[in-house]
Amino acid sequence: MEEDGAAAAGTVGAGSGETGAVPSARRPEARTGVAALSPRYQIGAVVALAVVAVAVCAHLGLVFLHVAPSNTLTKQHGAAVDEWVFPEFEQNWKLFAPNPLQQNVSVQVRAEIGTADGGIRTTGWYDLSAEDGRAIDGNPLPSHTQQNELRRAWDFFVATHDSEDRPVGLRGSLSETYLRRIALLRLDRNDAAGPGGVVERVQYRSRTTNVKPPPWSGEKVSARPAVRELPWWSVSPETEDAAEAADTAAGKAGRTGKEGGAA
């Protein structure tokens, strides 16, 4: 009877698998990511991440101080902030401006053309701002030139000239040169000179109109546009530079051709 009971117990144990079996040892799971590195490399990775985090925070802090209103920190460390921000990280979208731009500024240009028969004629006004607006309207990826070239050039001019349109310092003269070159490029694009014509002088004017405030504001603004007309500028320096550059390019091409023929 005892043998039969032992045999039965053995049978049950073998069938259920609960007795008489040695559990197999589990294999350790493979480590991934930083945990898979040795302690030395783990410390290096943590240090690198900390340096990157500090650099990002410092950059964001300096950019914030650059666009923020004047405060104690910017007064004491403004030079250091500008050295970091300019020119690569310039921010001029005025996120914190207390008075956002509330005017529409239209920049126009016209030219005096030297005709083929020796006469002089004056073109009509070309609305350069409207041309840029038409190029941007409906364009999901407008170019940086269409969006900013004319606007930044005009802002540059206004900031470096007095109320009598006289340049203030060397930057004022530079802004005039920039506007003259833009005028020549835009007039050439519009074929303003015509067959055999040459642009002799250009003149800019701006037309500034206040944006109508919303009805609920109760604010009253003038609807009359303000016109600023600049004096005529000669474009001789720009055309001479272009001619000299063309002659230089032609000379290089000629020398290259001669060298190629000799070879």
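**Exercise 1. State what share of the contacts between residues at least 6 apart in sequence joins residues at least 24 apart, and describe the overall make-up of the protein.**

Solution. Among contacts (heavy atoms within 4.5 Å) between residues at least 6 apart in sequence, 59% join residues at least 24 apart. The model is a predicted one, in which local features need pLDDT of at least 70 and side-chain atom pairs count only at pLDDT 80 or more, while totals for chains, interfaces and linings use all residues. Residues are numbered from 1 along each chain as its sequence is written, and side-chain values use heavy atoms, with hydrogens and water left out.

Next, the elements are taken as DSSP runs numbered from the N terminus, helices being H or I with at least four residues and strands E with at least two. The protein has seven helices and six strands, and from the N terminus on they follow the order α-α-α-β-β-β-α-α-α-β-β-β-α. Finally, of the 263 residues, 21% are buried, where buried means under 20% relative accessible area, exposed over 50% and partly exposed in between, with a 1.4 Å probe and protein chains only.

**Exercise 2. Describe how helix 2 and helix 3 pack, giving the angle and the distance between their axes.**

Solution. Two packed helices are described by the angle between their axes and the distance between the axes. Here the axes are lines fitted to C-alpha atoms over the stretch in contact, and angles run from 0 to 180 degrees between N-to-C directions. Helix 2 (residues 39-67) and helix 3 (residues 72-85) pack at about 115°, and their axes are 9 Å apart. On the helix 2 side the contact is made by His59, Leu62, Leu65 and His66, and on the helix 3 side by Leu73, Thr74, Val81, Asp82, Trp84 and Val85.

**Exercise 3. Find how many salt bridges a search of the whole structure gives, and trace the network that joins Asp132, Glu149 and Arg186.**

Solution. A salt bridge is a side-chain nitrogen of Lys or Arg within 4 Å of a carboxyl oxygen of Asp or Glu, and the search finds five of them. One of them pairs Asp132 with Arg186, whose closest N and O atoms are 3.4 Å apart. Asp132 lies in helix 4 (residues 128-136) and Arg186 in helix 6 (residues 170-189), so this pair ties together parts that are 54 residues apart in sequence. Asp132 is buried at 9% relative accessible area, and Arg186 is buried at 1%.

The side chain of Glu149 also meets that of Arg186 in a salt bridge, at 3.3 Å from N to O; Glu149 belongs to helix 5 (residues 144-159), and the two residues are 37 apart.

A further salt bridge joins Arg228 and Asp165, with closest N and O atoms 2.7 Å apart. Arg228 is in strand 5 (residues 226-229) and Asp165 in the loop between helix 5 and helix 6, 63 residues apart. Arg228 is partly exposed at 23%, whereas Asp165 counts as buried at 16%. Through shared partners, salt bridges join Asp132, Glu149 and Arg186 into one network.
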